[in-house]
Amino acid sequence: PDMFPRDLCQALEALQSNAPSHAPVHSVAAVEAAFQRPIKELFTAWEAEPIASGSIAQIHRARLSPQAAAQCQLPANTLVAVKVRHPGVGVLMARDFVLMERAARTAGMLPGFKQLRLDESVRQFGGPLQEQLDLSVEAQHLDRFGRNFKSRRNVKFPTPIYPFVKQDVLVESFEPGSAINGYVAASAAYAAQAAMSALADDNSS
């Protein structure tokens, strides 16, 4: 909020979990195609309505069937989060980056913009975003986070549930939590209050 207008921040914030969702039938088809099994063999319960939808994928809540749970060495009916990539998101992202690269090259021809190397910035920005399309890469990152923070009791990340990890579908442990923006807002309010208290102390001395 200190760098960009509040309305822009709110619009970007919505892309985290309130982006438009795809049809439930696509999620079922994607899961069945990824694991080559009917969804009823994988889950005893499946919530068609996603609990969150981001710019890359949406998340459904489900419970592992006894057969699927045995493969993962987990109890039957374990609550899980199933992340399903949006259809066509890779094509859309590729198109957007082509447009961004063209705009960066055009801007680079203008006086004062060449030294900014906007085209190089776009390429560097594009690499990590392309990785986000592959949910199996996300699973690797979650594994690493879990190892790096295993000694922290107050920090927990979802755990990928193998072998149910594919490029377009990721099954992971369901971890209840709160959006980080709430903590950021609380931290900002606390910092503002501390600053006002310090200012009042200075004025009174």
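This section describes the fold, the nonpolar cores and the salt bridges of a predicted protein model.

The protein contains eight helices and six strands. Read from the N terminus, these elements follow the order α-α-α-β-β-β-α-β-α-α-α-β-β-α. Of the 205 residues in the protein, 26% are buried. The accessible surface amounts to about 13,800 Å², and carbon and sulfur atoms account for 58% of this area. Among contacts between residues at least 6 apart in sequence, 58% join residues that are at least 24 apart.

In soluble globular proteins, nonpolar side chains tend to be buried together. In the present model, the largest nonpolar core comprises 19 residues, and the members that touch the most others are Val 31, Phe 35, Phe 43, Val 80, Val 82, Phe 164 and Val 171. At least two residues of this core are supplied by each of helix 2 (24–35), helix 3 (39–42), strand 3 (57–64), helix 4 (66–72), strand 4 (79–85), strand 5 (160–165) and strand 6 (169–173). Helix 2 provides the largest share, with four residues. Leaving aside residues up to four places away in sequence, Phe 43 touches Val 31, Ala 62, Arg 63, Leu 64, Ser 65, Val 80, Val 82 and Val 171. Another core, of seven residues, lies apart from the largest one; its members include Ala 57, Val 89, Met 93 and Leu 129.

Side chains of opposite charge can pair when their charged atoms come close. Four salt bridges were counted in the model, and three of these are described here, beginning with the pair of Arg 37 and Glu 41. The closest N and O atoms of Arg 37 and Glu 41 are 4.0 Å apart. Arg 37 counts as buried because its relative accessibility is 15%, under the 20% limit for that class. Glu 41, at 37%, is partly exposed.

A second salt bridge joins Arg 61 to Glu 47, with 3.2 Å between the closest N and O atoms. This pair links distant parts of the chain, 14 residues apart: Arg 61 belongs to strand 3, whereas Glu 47 lies in the loop between strand 1 (43–46) and strand 2 (52–53). Arg 61 is partly exposed, with a relative accessible area of 27%, and Glu 47 is partly exposed at 33%.

Lys 156 forms a salt bridge with Glu 175, their closest N and O atoms being separated by 3.7 Å. Lys 156 is located in the loop between helix 7 (135–148) and strand 5, and Glu 175 in the loop between strand 6 and helix 8 (180–204), so the pair ties together parts 19 residues apart in sequence. Lys 156 is exposed, with a relative accessible area of 63%, whereas Glu 175 is partly exposed at 27%.

How values were computed. Residues numbered from 1 in each chain as written. Predicted model: local features only at pLDDT ≥ 70, side-chain atom pairs only at ≥ 80, totals over all residues. Heavy atoms only, no water. Core = buried A, V, L, I, M, F, W, Y, C linked by side-chain atoms within 4.5 Å. Buried < 20%, exposed > 50% of the residue type's maximum accessible area, 1.4 Å probe, protein only. Contact = heavy atoms within 4.5 Å. Areas by Shrake-Rupley, 256 points an atom, 1.4 Å probe, with all protein chains shown as cover. Salt bridge = Lys/Arg side-chain N within 4 Å of Asp/Glu carboxyl O.
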